[in-house]
Amino acid sequence: MRTAYSVETVRAAEQALMARLPEGALMQRAAAGLAAACADLLRRAGRVYGSRVVLLVGSGDNGGDALYAGARLARRGAGVVAVRVSPGRAHEGGSAALRAAGGRVVDAGETPAGGRHRDWGGRIDLVVDGITGIGGRGGLRPEAAELVEHYAERGAPVLAVDLPSGVEADTGEVRGAAVRADATVTFGAYKPGLLVDPAAERAGALHLVDIGLGAELPDVPDLEALQYADVAALLPVPGAESDKYRRGVVGIVAGSARYPGAAVLAVAGALRGGAGAVRYVGPGADAVIARHPETLVHAGPPSKAGRVQAWVVGPGLGDGTEAVEAVSDVLATDVAVLVDADGLRLLDAAVVRARTAPTVLTPHAGEAAALLGVPREEVEAGRLAAVRELATRFRATVLLKGSTTLIATDAPHTPVRVNPTGTSWLATAGSGDVLSGLTGSLLAAGLAPRDAASAGAYLHGLAARHASQGSPVAAQDVAEAIGAAWRDVRA
């Protein structure tokens with residue numbers, strides 16, 4: 001499992017560790033790991049010896065890490081130039097080490113961006129972003145942004161130190177100009193902004209350098225991202241005495257005359273999600289039975305359809321009187337309920353908060369914005385804040401869909417989960433219906449709401465990867481690939 005910690009927590013851990021280490025030891029650990037990552041990138045493109053490396057350095061410790069790493073590369077035969085973003089200001093010890101190793105330190109005003117310094121006219125093999133550290137706020141200053149743009153135009157890969165300069169470490173927000181890195185080397189612990197978009201998509205491939213912070217970090221992180229083994233431990237496996245009812249029955253209330261496909265797709269996701277049986281309630285019974293004859297169908301209302309362990313309500317439901325009544329009927333039950341799509345528009349927050357059984361909400365950014373009463377752009381820019389606010393406001397587990405799907409709960413001291421398997425190919429009609437059915441099935445099989453949402457999102461993303469293989473994919477293809485995703489996780 002990947003875990004991420006806030007800037008405040010990381011700094012406290014670093015202070016505690018530095019108190020027991022010789023002065024400068026922690027920075028040298030970081031620089032060694034950074035230099036190794038730089039060397040690996042250079043070897044893939046050719047070699048370290050004779051390569052050309054540009055360090056963009058600020059005046060803080062982040063720049064110091066880059067300078068000491070640059071000195072290590074220079075001693076291995078690389079040509080290294082450090083460009084100070086603030087003229088005359090850079091980590092003194094790191095600057096001295098680079099010069100002693102044969103590297104150069106120049107000011108930004110001396111580069112071609114300022115028109116005076118005679119820079120390399122040929123290739124640059126690597127640009128290292130050491131401008132701002134984890135305390136940076138509000139995007140890059142204009143002079144730094146200009147420098148970044150100048151070197152980005154040279155086409156060399158960019159490696160960020162700790163996190164791309166200009167992004168917000170704690171929130172994943174990007175409030176101005178920011179570096180877009182091909183890779184990021186981070187130290188001691190992941191930071192939330194490395195896992196949450198829009199900042200995460202600027203970080204590129206992530207590499208964590210262990211500098212010894214583990215014992216100083218608290219047991220409960222701010223964020224966590226499940227991996228194969230974590231999801232495998234959550235997935236339900238039937239025992240020798242299991243039958244279809246013991247494995248769990250999920251009810252699906254979805255579809256309408258206008259959107260019958262939503263019913264078919266939600267049921268498809270549910271059938272592949274691990275529950276023993278699926279009950280369908282709604283006007284799409286004929287379409288559902290035609291595609292999935294094992295489904296149990298009922299004309300409604302949901303409370304008369306028979307026993308279930310969890311309900312999914314909302315996909316393609318519309319907003320007519322029958323839809324309003326169906327949502328109300330399901331929320332009045334004493335089992336876990338997942339609300340998606342049209343069901344979210346029909347929610348009464350007070351009713352959700354008053355429920356004694358678990359509720360899971362699965363909005364995309366537009367639906368989340370409507371629930372919070374804010375512009376969609378605000379949710380997309382601050383996804384972490386939005387999912388936390390929704391969970392608190394509705395006293396529910398919230399799965400916020402998007403480029404990085406987030407899962408939050410209203411339980412105190414509980415990390416937000418980040419799904420690492422998402423793919424842009426999931427941006428297709430009906431894929432959310434499949435996710436709802438899949439997650440509802442896991443709820444019915446007995447998983448806790450947070451675990452069901454996490455495992456559902458993980459399998460959904462893997463299934464999309466299986467189905468697409470880098471090409472366009474339809475929601476039904478994703479549903480059919482859930483079994484392959486399940487086998488991947490269990491292997």
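**Close-up views of a predicted model**

**Figure 1. Helix α16 and the residue that follows it.** The structure shown here, as in every view below, is a predicted model. Helix α16 itself comprises 20 residues, and the distance from its first C-alpha to its last is 28 Å, close to the 28 Å expected at 1.5 Å a residue. The helix is mostly covered, with 17 of its 20 residues buried.

**Figure 2. The cavity found in the structure.** A search of the whole structure returns one cavity of 30 Å³ or more. The largest cavity holds about 50 Å³ of space. Its lining is formed by Glu224, Ala225, Leu226, Ile407, Arg417, Val418, Asn419, Pro420, Ser454 and Tyr458. Two or more lining residues come from each of the strands β9 (223-225) and β18 (416-418) and from helix α16 (449-468). By residue class, the lining of the largest cavity consists of six nonpolar, two polar and two charged residues.

**Figure 3. Helix α1 and its buried face.** Helix α1 covers residues 7-18, and its 12 residues should span 16 Å at 1.5 Å a residue; the C-alpha atoms at its ends are 16 Å apart, in agreement with that value. Val7, Val10, Ala13 and Leu17 of α1 are buried. Viewed down the axis of α1, these buried residues lie within an arc of 130°, and they therefore line one face of the helix. An α-helix has 3.6 residues a turn, so residues three or four places apart point the same way. Glu8 and Gln15, on the other side of α1, are exposed. Helix α2 (25-45) is included in what covers the buried residues of α1.

Figure 4. Helix α12 (residues 365-372) is largely enclosed by the rest of the structure, because six of its eight residues are buried. The buried positions of α12 are Ala365, Glu367, Ala368, Ala369, Leu371 and Leu372. Among the elements covering them are the helices α10 (342-345), α13 (376-381) and α14 (383-394), together with strand β16 (397-400). Just after α12, Gly373 has a positive phi of about 75°.

Figure 5. Ala30 belongs to helix α2. Its relative accessible area is 3%, and Ala30 is therefore classed as buried, the cut-off being under 20%. When neighbours within four places in sequence are left aside, Ala30 is in contact with Asp65, Phe187 and Ile211. Between the C-alpha atoms of Ala30 and Val281, which are 251 residues apart along the chain, the separation is 58 Å.

Figure 6. Ala277 is located in strand β11, which covers residues 277-281. With a relative accessibility of 10%, Ala277 counts as buried, because this value falls under 20%. Neighbours within four places in sequence being left aside, the contacts of Ala277 are Lys244, Gly248, Val249, Val250 and Leu296. Gly251 is 26 residues from Ala277 along the chain, and the C-alpha atoms of these two residues are separated by 8.7 Å.

Technical notes. Residues numbered from 1 in each chain as written. Predicted model: local features only at pLDDT ≥ 70, side-chain atom pairs only at ≥ 80, totals over all residues. Heavy atoms only, no water. 1 Å grid on protein atoms, 1.4 Å probe; cavity = no way out; pocket = protein on both sides within 12 Å on 5 of 7 lines; lining within 4 Å. Points joined across faces, edges and corners; volume = space filled by probe spheres on them. Helix = DSSP H or I, 4+ residues; strand = E, 2+ residues; numbered from the N terminus. Nonpolar A, V, L, I, M, F, W, Y, C, P; charged D, E, K, R; others polar. Expected span 1.5 Å × (residues − 1). Buried < 20%, exposed > 50% of the residue type's maximum accessible area, 1.4 Å probe, protein only. Arc of directions from axis to C-beta. Contact = heavy atoms within 4.5 Å.
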